[in-house]
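This report examines a structural model, with attention to confidence and to selected helices. Please consult the sequence and structure shown below while reading.

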Amino acid sequence: MDTSLRSISDADDAAALQQEQAASHEEHGDHRLFGLTTFLVADGMTFAGFFAAYLTFKAVNPLPPGSTYELELVLPTINTVLLLVSSFTFHRAGSQCRAGQMASSRLWLLLTTALGAAFLAGQMVEYFTLPFGLRDNLFASTFYALTGFHGLHVTLGVICILIVWWQARSGGRITPSQHFGLEAAELYWHFVDGIWVVLYGILYLL
Amino acid sequence: MTIAHPTDLEPGLQPQGWLKYFSFSLDHKVIGLQYLVCGFVFYLIGGALAGVIRTELASPMADFVSRDTYNEVLTLHGTIMIFLWIVPVVNGAFGNYLIPFYVGARDMAFPRLNAVAFWLIPPAGILLISSYFLAGAASQSGWTAYPPLSLTTPAAGQIVWILSVLLLGGSSIFGGINFIATVLKLRRPGLKLMQLPMFCWAMLGTSILVVLSTPVLAGTLILLSFDIIAHTGFFNPQLGGNVVVYQHLFWFYSHPAVYIMVLPAFGLVSEILPVHARKPLFGYSTMVYSIMAIVVLGLIVWAHHMFTSGTPPWMRLFFTIATSFIAVPTGIKFFNWLATLWGGKIALNSAVLFSCAFIFNFVFGGITGVALAQVPFDIHVHDTYFVVGHFHYIVYGGSVFVIFASLYHWYPKFTGRLLNEDLGRLHFVLTFIGFNLCFAPQHWLGLNGMPRRVAEYDPAFTIWNQVSSVGALLMAISTIPLLLNVVLTALRGQPAGDNPWNALTPEWITSSPPPVENWIGEAPLVTEPYGYGVEPGTLELNRLRGQDLWASGKS
């Protein structure tokens, strides 16, 4: 066997080997966005399971008489618009960052945060004005489980945007050339946004 | 943009020697062995629980443990064996150890995520087992946790069970993300997908299943915990809920879970057989396509577990046909393995014995599986010991036999020492006889109507239950030569050299055990991992497709 292929169980050899490896060391590309995308596919499957459960319940489990509600559409529709707009503002923040306009990028990030927070506030208002609670019937439970699980995602997203906003300050770790955090948060935000559109469609419109 | 390699980041902080196996190590080889040893500890615990079950069933009355305890024991046994032994070992242990070698990388794509995925497992396992002592009573509703049973059994134990399975599911998803990224993105330049060793394809397929189906189980268990804690009615018929929806969502994960346990085993056998038969793996491309066919079909067969749950006729028809179709790609793989062995110079060592026993057991389990896919037969044997016999032939006769085969094959790579063949063959004989003695009679018991998950049964079933219990005892004894072998060999085994099997796959083209970054110098480019014992021209012939052979026959 080639002498260079010896075991490194010998502690003395370890240091020498590390130097050897550093010389021949190839760095590999950044696959974190690919990994995040795979994770979002998995996360999307969780929602898919919830949607499937909701649609099946709706199809085969009739609610007891007198317990069906017409959901108010005004507030959720405003909320949908808020989230859609926030996807555009986040995209703007990303392109500004890549163009080197960090100050402008941070403003767009703040705007996105505000839109996300407004969405959550709207969700809270809806929760407190709805005529049913978590345990009232199957529809009520599924409604809160679906919107709540999505709201949790939005909350996490808002926190992530704030972190990215902080990191994008001058001297922070996000720069026009190093902006993985911003890209990851943006991808995640678009995902949460897309899930809402489906959720809005089947929960409020269908 | 490039990122620095993690082993560069904390020089000197990583413990050396045996201590590194207890650390948050980022080395895929260390993590692989962590999975292996941790999984084996849980295998011993789950095996002891199986011992309790078989001791109880040696007599028709519940005289060894109480009926409630029996339910806790069978729940823990199933959950431990699936989520803490087979899934982590066939995926986490061998996947982590081998995949970076096979793609020509120095580590997995996300080493930190990899370590996190492993370190979720011991706490989850301890949590699960401690529920037996801490919460008064462990979960009693089986590894399926079907409501309304799981809503009426002790709540605390059920919640701990859910928490533990959620942690293990998270670990599994993180692992799956890592494998997909490593196989697809981390391949050494010049290495094409269709040149990868078969285990890479198996892990890619498995990881796709993990990523697509595990989250559905997680969501379902969250809804179930709402039913238990907040008394919502998702799956509670008394509150207007629907138990069948739980079953659909549960089996959407848990049927693919069978493939998550078995596909990596298929991949491992495909690595072991060519080496010891000194022949190329037969039908490489058909093997790849059948793995992917199993992935696709595996996602659309779940309701064959629910033929007695009031499924409508069209659903029964669809799922019967889809399930029967799975036999086709699986059969292709089996004929490929037989053709690989055919005319080979087979070394009949422990690794090959276990692999061949796997083929035998899995064909039997596969045949009963196709039988179970047929609605009329399934209705007859549903919830009987026939099903128990069937799935133990799949997960033990399939996956666990392959884990043992892989242990004998790769132990020299892990340690630089060969396992003792005499002890290995003793282990094999005891396991093979014990396993078949334990589970073959269960088919007969089930056909005659003995229900599963009961501590007491009709005395007419006594004799075959006792045969089964003797088999279980033999299986318990069979772990003794294995443990002796592993410990004695580690201490003073025969040095194996770097490549005792003269294998061609990339993990053998380095020292045993390998250096931290797998190879000193550049990673080797292995484009023909199965080019055994053939002249270059013959190898090309082996690669020909059917239509090429047709054409050459005419000319």
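## Confidence

The structure is a predicted model. Chain A has a mean pLDDT of 86, with 86% of its residues at 70 or more. Within chain A, residues 1–26 have pLDDT below 50, and this stretch makes 24 contacts in the model beyond near neighbours in sequence. Where pLDDT is low, the predicted coordinates should not be read in detail.

## Helix 2 of chain B

Helix 2 of chain B comprises 37 residues, running over residues 67–103.

Just after helix 2, B:Gly104 adopts a positive phi of about 75 degrees.

## Helix 4 of chain B

Helix 4 of chain B covers residues 121–130, and its buried residues are B:Ile121, B:Ala124, B:Gly125, B:Leu128 and B:Ile129. These residues span an arc of only 125 degrees around the axis, which places them on the same side of helix 4. An α-helix has 3.6 residues a turn, so residues three or four places apart point the same way.

The buried residues of helix 4 are covered by elements of chain B including helix 1 (28–56), helix 2, helix 3 (111–119) and helix 6 (155–185). On the face turned away from the buried side, helix 4 of chain B carries the exposed residues B:Pro123 and B:Ile126.

Conventions: Residues are numbered from 1 along each chain as its sequence is written. Chains are lettered from A and ligands numbered from 1 in the order in which they are written. This is a predicted model: local features need pLDDT of at least 70, side-chain atom pairs count only at pLDDT 80 or more; totals for chains, interfaces and linings use all residues. Helices (H or I, at least four residues) and strands (E, at least two) are DSSP runs, numbered from the N terminus. The expected span of a helix is 1.5 Å times one less than its number of residues. pLDDT is the predictor's confidence in each residue, from 0 to 100. Two residues are in contact if their C-beta atoms, placed from the backbone, lie within 7 Å. A residue is buried if 20 or more other C-beta atoms lie within 10 Å of its own, exposed if 12 or fewer, and partly exposed in between; C-beta atoms are placed from the backbone. The arc is that of the directions from the helix axis to the C-beta atoms.
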